[in-house]
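Please consult the sequence and the model alongside the points below.

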Amino acid sequence: MSKKPYQLIAFLLAIMLTFGTITMIEPPVCAMSRGIATDSDDDTVYVSIAKSGDSYYIYIKNATNITSVDVKIDTNGRGYNVDALNGFMNTYDFNLGINIFMYKSGSSMGFTSADPIAIAVIEVDTGVVPELGHVAAVGIRNGTSARVDAAVEVPLVPVQEALKLSIRTDTVSYAAVEVEYVLSARDAENLQSIALEFEMDGDMLAFKAIEGLSGFSCEDGVTWALADGNIWVGKITIKHKPEEPCGFTSETPSDIVKLTCLPKALGDATVKLAQATAAGYVNGAIECVDSLIEEGTATTTVENLYTKYDLNRDGTVDALDLGIMLLYCGYVSDSLAWGTLEMVDDSHGKPVTASMCDVNGDGRIDMLDILDLFIHYTK
């Protein structure tokens, strides 16, 4: 026989009075969910893809404090590389076509609908056009990680209008010899100024000078701040001479800044271009110009400076170097093994080839080279 309705209500009230008010437990916010939710255009992060040269770039805009963006990229199995840009890191599975871009820890991002930001560059086989599928985003709201609405944007962002920046240096440098890092720019017309932020390893490099190139100057020099470890963050603003026109094309990038440093230790010394904000003349007025960092890091390997007679790179010219030369005695430059045969390594584990033993440069290893090495024996 079932209970009457009023008896069931009385039973529930008794439980509430005995144990207190019943609290509903809400499910936790998912750290990363997939799918498109566009119930509010004002709060929607827009993701787009556009081609520049042989590469495709992924852009996001209209977001504040984004920490990660999950993108489905279809390359039909013919993509071979993805690099994250502008402070993002990424994990990628070309088989699944899923890429999650995470912004660097400890920082927040702010975007506006007028300023799309490139978060990745994709390399694909010739003739392949990547397509965006679903997208999702996570950001910080009121101090808490939460899902942010995201959608694929059409039309595509015209990346050909963005200033593109790259930094480079020599592959190998030598101790006590200045090393130069050069910043170049392309794809911008009537550029007026660029605010740059770069990072330098203080254990490996000491700053010496900075110089503007191609009509640019940095009159205020560099402002330095110490970050994590011994990483130094430098900020500069370079300006172009107002009386001279300024224009770059994709075919002819121009060098605009030279950073000169002195090596402090042996090993890899890297300078990273972290951020860039540009302004130029648009219809006679100065406005912000979209900028994209194409090659954001430049690394040189600092080695000791040895004489050509120190074949084993141990700092002295002695019988050990003579022994190496005798191994290759008789080889000539016409030999297929002239620059490739590796019979012995130097003191750093790097190969010494026959061509390195040709100290007099006549294209053969013979008694003349042996006599030349004897003359340069370390005293």
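Helices (H or I, at least four residues) and strands (E, at least two) are DSSP runs, numbered from the N terminus. This is a predicted model, in which local features need pLDDT of at least 70, side-chain atom pairs count only at pLDDT 80 or more, and totals for chains, interfaces and linings use all residues. Residues are numbered from 1 along each chain as its sequence is written, and side-chain values use heavy atoms, with hydrogens and water left out.

**Overall composition**

- The protein chain contains four helices and 25 strands.
- Of its 379 residues, 39% count as buried; buried means under 20% relative accessible area, exposed over 50%, and partly exposed in between (1.4 Å probe, protein chains only).
- Among contacts (heavy atoms within 4.5 Å) between residues at least 6 apart in sequence, 70% join residues at least 24 apart.

**Nonpolar cores**

- A nonpolar core is a set of buried Ala, Val, Leu, Ile, Met, Phe, Trp, Tyr and Cys residues joined through side-chain atoms within 4.5 Å.
- The largest such core has 36 residues, and Leu 163, Leu 165, Tyr 181, Ile 194, Leu 196 and Ile 256 have the most contacts inside it.
- Elements giving two or more residues to this core include β11 (163-168), β14 (191-201) and β20 (267-282).
- A second, separate core comprises 24 residues, including Ile 73, Val 82, Val 128 and Leu 132.

**Strand β8 and its surroundings**

- Strands β8 (residues 131-141) and β9 (residues 144-148) pair in the antiparallel sense over five bridges; pairing requires that DSSP finds at least two bridges between two strands.
- The two strands form a hairpin with two residues between them, and Asn 142 in the turn has a positive phi of about 55 degrees.
- Ala 137 stands opposite Val 148 in β9.
- Glu 131 lies in β8 and counts as exposed because its relative accessibility is 52%.
- Leaving aside neighbours within four places in sequence, Glu 131 is in contact with Lys 72, Ile 73 and Asp 74.
- The C-alpha atoms of Glu 131 and Lys 72 are separated by 8.2 Å, although these residues are 59 residues apart along the chain.

**Tyr 174**

- Tyr 174 is located in strand β12 (residues 172-174).
- Tyr 174 counts as partly exposed because its relative accessibility is 34%.
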